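Keep the structure open beside you as you read.

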Amino acid sequence: MPGRRGIVLVALSALIVCGSQAWSQDASTLKKDMVGQWELSTTERSKTCVVTLKSDATPQGLKLELEPGCAAALPFTKDITAWNVRGLDIVRLQDAAGQPVIDFTEVESGIFEGLRQGEGIYILQNLAAARSLAKSMDQMIGDWSMVRGNGQVICGLTLTNNEASPDNFQVFLKPKCDPTIAAFAPKQWRLDHGQMVLMSASGETWQFEADDNAQWRRVPDSADPLIMLRQ
């Protein structure tokens, strides 16, 4: 009969083996899930690039294809020659030497974020989902009314697709807005993880979320809600 020390060693060995198998399964599953077409973009999608991740092996990783316009849209992509999975949850786009050009981690189902120092955050998203988002973005462009919970219109504004900064687009207020809205004076807007974000010149932000009635309500909600309605 094995002594206590032997039993402990056997148990530890089993844990190590199980842990190794779980890691291998997780990494293997992620590799399988990533095979397909993805959109690599800036956070506001003003610059995009389609990346096709493949399961074929290369000396340094796995094969990928970049659409012809990638280098012009996102210059750093010219260094990308392969992809791989590192650890349990890192998707790496790498150069010919196997060094990372950018590492991505999943922040939502099917949405990955990666940071390049000095440049900012980039998004890697399933291509079909990204194109659905683009359609949603197009649907946001146009005239809106801002109303109180009682239906009183207190301001009109226009959301445009004119780029105001790397992450935001221009918004214009119409005359005779409520003093609270006029004081906030939003100059820019964007869609951010399902929220409509309005931003003032000073950087103050108001967030709105879509409800079940196709309205956008300011969050956090209040007793006297502020609602955005498409005109």
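The link of Cys155 and Cys177 is right-handed, with 60° about the S-S bond. It is a disulfide, that is, a pair of cysteine sulfur atoms within 2.5 Å. The pair links distant parts of the chain, 22 residues apart: Cys155 sits in strand S10 (residues 153-165), while Cys177 sits in the loop between strand S11 (168-173) and helix H4 (179-184). Helices (H or I, at least four residues) and strands (E, at least two) are DSSP runs, numbered from the N terminus. Both Cys155 and Cys177 are buried, where buried means under 20% relative accessible area (1.4 Å probe, protein chains only).

A word on the source: this is a predicted model, in which local features need pLDDT of at least 70 and side-chain atom pairs count only at pLDDT 80 or more, while totals for chains, interfaces and linings use all residues. Residues are numbered from 1 along each chain as its sequence is written, and side-chain values use heavy atoms, with hydrogens and water left out.

The structure holds two disulfides, set side by side here:

| Disulfide | S to S | Angle about the S-S bond |
|---|---|---|
| Cys49 to Cys70 | 1.9 Å | 85°, right-handed |
| Cys155 to Cys177 | 2.0 Å | 60°, right-handed |

Cys49 lies in strand S2 (residues 48-57) and Cys70 in helix H2 (residues 70-73), so this pair ties together parts that are 21 residues apart in sequence. Cys49 and Cys70 are buried too. Counting bonded cysteines along the chain, the disulfides follow the pattern 1-2, 3-4.

Now for the open space. Which residues line the second largest pocket? They are Thr42, Thr43, Glu44, Ser46, Lys47, Glu119, Gly120, Ile121, Tyr122, Glu163, Pro166 and Asp167. A pocket here is an open set of points on a 1 Å grid over the protein atoms alone, where a 1.4 Å probe fits, with protein on both sides within 12 Å along at least five of seven lines; lining residues have an atom within 4 Å of a point. About 190 Å³ of space lies in this pocket. Strand S8 (residues 120-126) gives the largest share of the lining, three residues. By class, the lining has three nonpolar, four polar and five charged residues.

How far can you trust the model? The mean pLDDT (the predictor's confidence in each residue, from 0 to 100) is 84 for the chain, and 87% of its residues reach 70 or more. Over residues 4-25, however, the pLDDT is below 50.

Technical notes:
Contact means heavy atoms within 4.5 Å. Grid points are joined across faces, edges and corners, and a volume is the space filled by probe spheres set on the points. Ala, Val, Leu, Ile, Met, Phe, Trp, Tyr, Cys and Pro count as nonpolar, Asp, Glu, Lys and Arg as charged, and the others, Gly among them, as polar. Buried means under 20% relative accessible area, exposed over 50%, partly exposed in between (1.4 Å probe, protein chains only).
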